[in-house]
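Let's take a walk through this protein together, one piece at a time. Keep the 3D view open and follow along as you read.

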Amino acid sequence: MLLRSCERWGVLQALTPLISTWGCRAQAAMLHSASDSDTEADTAQVAAFFDELSRDAAALESGGPELQRELDEMLEGIQGHVPVDQQRLLQAGVLGVPNAGKSTLVNGLVGRKVSAVSPKTNTTEQSRLGAFTVDAAQVVLYDTPGVVGKEHYMNPTHQQRVRSAWTLAADCELLLFLVDAARELQRPDPRVSRLLADSTSAARLDMPAGWQPPPAVLVLNKVDAIPPRNRLHLLPLADRLQELRKFDDVFFVSAKDGRGLPELRDFLLDRATPGEWTLDAGMATDRGEEEQALEVVREQLFRKLYKELPYTIQLRLKSCLPRQEDDLVIIEMEALVQHESQKKIVVGSGGATIGSVVMAAERELQEMWGHPVYLSLKVRVDKPA
């Protein structure tokens with residue numbers, strides 16, 4: 001067997017982003033610097049551990065999607081035998097102002113794509129369910145639309161999305177408040193302060209009298225974007241934000257490159273309490289392939305056209321069916337815009353723009369599903385009534 005145990009595959013899923021981004025030696029040095037009491041022997045053990053994981057990652061990549069699916073199934077089989085009375089569960093809501101990196105954080109913690117990520121704000125239209133399971137503990141994450149105060153509502157639809165996010169978060173057992181630390185150090189965002197202050201007010205959140213907010217942790221994101229000389233300001237920033245509401249803990253992370261995510265994962269797993277799992281072991285989301293296809297195409301459109309693309313663009317899935325003879329999944333989809341001028345932007349000169357979106361989406365879906373994908377994406381004008 002390529003990996004010595006299926007449990008190693010679970011570890012590898014979580015740490016592969018760190019291995020590829022920093023390299024095992026850099027990661028070992030980082031871990032060593034976190035504790036002054038570590039010995040040289042400790043550092044050598046950590047380095048050896050990441051060296052071994054790097055070799056496993058290379059072997060896994062050479063094995064392709066088929067091997068990954070086989071290991072996923074084996075790991076699911078092992079974890080799926082945990083009796084219900086021994087299962088533990090934590091349901092956590094991820095909150096933050098728009099573009100704080102919530103979707104990237106959830107994708108990183110889960111180890112697979114759950115929600116769209118793009119430079120454009122408010123790309124999460126509805127709460128997404130993501131989960132990861134280790135041994136008897138399962139953590140379920142709800143990735144919510146960017147939350148802002150009432151004074152920042154753009155329209156009734158936006159207002160409903162924000163209210164839905166708060167309603168969902170209030171039912172969770174733990175809240176993760178995500179803050180763009182790089183932006184906050186440069187120019188404090190008043191929406192962040194309002195969000196934290198409102199999060200404990202039943203009246204502000206339209207909650208019933210006597211409502212008590214769930215416990216919360218503060219996650220300061222995008223530390224990779226902060227110059228090393230400015231990182232000494234992170235602790236004062238954390239202290240300032242903790243004056244606005246109580247947090248059980250504070251984490252400094254980069255959802256983009258994986259820094260700090262293993263520690264956050266461990267914390268969440270430790271917070272799980274006795275309860276039946278929401279998803280089967282090995283499942284990362286409750287969404288089917290049709291929803292995943294829409295999400296990936298939507299993300300690629302935002303990535304390509306985030307400066308020009310209007311929020312009013314809609315995607316409509318016509319079909320998503322596998323072809324029996326070669327396992328090719330054929331997807332037919334439409335992108336609906338409101339004006340001919342918008343259609344020209346999305347299509348691009350000679351179809352170059354929409355063509356690049358299709359190619360990127362096909363490539364990503366093939367990596368996610370492990371089989372070939374053909375995407376037909378047509379753009380048409382659908383004027384509002």
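This is a predicted model: local features need pLDDT of at least 70, side-chain atom pairs count only at pLDDT 80 or more; totals for chains, interfaces and linings use all residues.

Who meets whom here? On the α11 side you'll find Ile345, Val346 and Val347, and on the α12 side Ala352, Thr353 and Ile354. Sorted by class, that contact has five nonpolar residues, one polar residue and no charged ones.

Helix α12 (residues 352-369) also packs against α10 (residues 289-305), at an angle of about 140° and with the axes 9 Å apart. Among the residues making the contact are Val296, Val297 and Leu301 of α10, along with Val357, Ala361 and Leu365 of α12. The residues of this contact split into twelve nonpolar, four polar and four charged.

| Helix pair | Angle | Axes apart |
|---|---|---|
| α10 and α12 | about 140° | 9 Å |

Now zoom out for a moment. The protein chain has twelve helices and ten strands. Of its 385 residues, 47% count as buried. Take the contacts in the chain with a separation of 6 or more: residues 24 or more positions apart account for 71% of them.

So where do the nonpolar side chains go? In soluble globular proteins, they tend to be buried together. In this model, the largest nonpolar core has 29 residues, and Leu175, Phe177, Leu218, Leu220 and Leu241 touch the most other members. Elements that each supply at least two residues of this core include the strands β1 (88-95), β4 (174-180) and β5 (216-221), plus the helices α7 (190-198) and α8 (234-242). The largest share, four residues, comes from α8.

Pick Leu241 and look around. Apart from its neighbours within four places in sequence, Leu241 is in contact with Val179, Val192, Leu196, Leu218, Leu220 and Phe247. There is also a second, separate core of 28 residues, and Leu90, Val106, Phe132 and Ala272 are included in it.

Next stop: helix α4 (residues 102-110). Is α4 mostly enclosed or mostly open? Seven of its nine residues are buried, so the rest of the structure largely encloses it. The buried ones are Lys102, Ser103, Leu105, Val106, Asn107, Leu109 and Val110. Just after α4 comes Gly111, which takes a positive phi of about 95°.

Last, find Ala284, in the loop between β7 (273-274) and α10. Ala284 counts as buried because its relative accessibility is 10%, and the cut-off is under 20%. Which residues does Ala284 touch, leaving aside its neighbours within four places in sequence? They are Val110, Arg112, Val114, Leu129, Gly130, Ala131 and Leu279. Now compare sequence with space: Ala284 and Phe132 are 152 residues apart in sequence, yet 6.0 Å apart from C-alpha to C-alpha.

How values were computed
Residues are numbered from 1 along each chain as its sequence is written. Side-chain values use heavy atoms; hydrogens and water are left out. A nonpolar core is a set of buried Ala, Val, Leu, Ile, Met, Phe, Trp, Tyr and Cys residues joined through side-chain atoms within 4.5 Å. Buried means under 20% relative accessible area, exposed over 50%, partly exposed in between (1.4 Å probe, protein chains only). Contact means heavy atoms within 4.5 Å. Axes are lines fitted to C-alpha atoms, for helices over the stretch in contact, and angles run from 0 to 180 degrees between N-to-C directions. Ala, Val, Leu, Ile, Met, Phe, Trp, Tyr, Cys and Pro count as nonpolar, Asp, Glu, Lys and Arg as charged, and the others, Gly among them, as polar.
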